[in-house]
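Please look at the sequence and the structure before reading on.

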Amino acid sequence: RTLHPDARTTSHASRTAFTRLQNMAAVLSFAESGRGFSHNLTLEAVANTAIELGFEKDGPQSSSKKPAQRADLQRFFKAYGVKAFSPFREKFEKEKLLPPEEYAALKVAQEIEAKENEFAPVTEQQYVEATQTADTLEKKWRLFKKPGGVGVK
């Protein structure tokens, strides 16, 4: 935890305001995603990013509330297909993420491409090559004993 430079001489309210200001400055950078463990990935940083991207709860929200209380994190996490902070952190550390709108568009494009390429047509030459390869493979038979003295290949 970083303390206010004059922590011994300033009031508690001043130190609290400094800490809040410091937490508000922490914003998630999508450029850091996919690089493994990230020190900047905190709930406050995710909440600040969610607020910046328009994921704020409906109704009057006081600016004195913490960002995690003002941000609509459920909707933000749902945009990435997760339900909580820990799965989001794992996804952030493993995958290269984009802002929610771009990420959703990319996922839709990937799903459409996967459906189109689900069953690619096979040419006759590919079929012949595959059957020749399967015929050349060495097959080993094993005898499995079952109760009652019966053997099964």
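A residue is called buried at under 20% relative accessible area, exposed at over 50% and partly exposed in between, with a 1.4 Å probe and protein chains only. The model is predicted: local features need pLDDT of at least 70, side-chain atom pairs count only at pLDDT 80 or more, and totals for chains, interfaces and linings use all residues. Residues are numbered from 1 along each chain as its sequence is written, and side-chain values use heavy atoms, with hydrogens and water left out.

**Overall fold**

The chain has 7 helices and 2 strands. Helices (H or I, at least four residues) and strands (E, at least two) are DSSP runs, numbered from the N terminus. Their order from the N terminus is α-α-α-α-α-α-α-β-β. Of the 153 residues, 22% are buried. Contact means heavy atoms within 4.5 Å; among contacts between residues at least 6 apart in sequence, 39% join residues at least 24 apart.

Which residues of helix 5 are buried? They are Phe 85, Phe 88, Lys 91, Phe 92 and Glu 93. These buried residues pack against helix 2 (43-52), helix 4 and helix 6 (100-116). Leaving aside neighbours within four places in sequence, Phe 88 is in contact with Leu 28, Leu 41, Val 46, Phe 76, Phe 77, Tyr 80, Val 82 and Leu 97.

A nonpolar core is a set of buried Ala, Val, Leu, Ile, Met, Phe, Trp, Tyr and Cys residues joined through side-chain atoms within 4.5 Å. The largest such core has 19 residues, of which Val 46, Phe 76, Phe 77, Tyr 80 and Phe 88 touch the most other members. Helix 2, helix 4 and helix 5 are the elements that give two or more residues to this core, and the largest share, 4 residues, comes from helix 2.

**Aromatic rings**

A pair of aromatic rings is described by the distance of the centres and the angle of the planes. Rings of Phe, Tyr and Trp (its six-membered ring) pair if their centres lie within 6.5 Å; planes under 30 degrees apart count as stacked, over 60 as edge-to-face and the rest as tilted. The whole structure holds 8 aromatic pairs. Two of them are listed here.

| Pair | Centre distance | Plane angle | Class |
|---|---|---|---|
| Phe 76 and Phe 77 | 6.0 Å | 55° | tilted |
| Phe 77 and Phe 88 | 5.5 Å | 40° | tilted |

Phe 76 is buried because its relative accessibility is 0%. The value for Phe 77 is 5%, so Phe 77 is buried too, and Phe 88 is buried at 0%. Ring pairs join Phe 55, Phe 76, Phe 77, Tyr 80, Phe 88, Phe 92 and Tyr 103 into a cluster.

**Surface**

The accessible surface comes to about 11900 Å², of which 54% belongs to carbon and sulfur atoms. Such areas come from the Shrake-Rupley method with a 1.4 Å probe; for residues, only the protein chains shown count as cover.

Ala 104 lies in helix 6 and is partly exposed, with a relative accessible area of 36%. Ala 104 and Ala 79 are 25 residues apart in sequence, and their C-alpha atoms are 6.9 Å apart in space.
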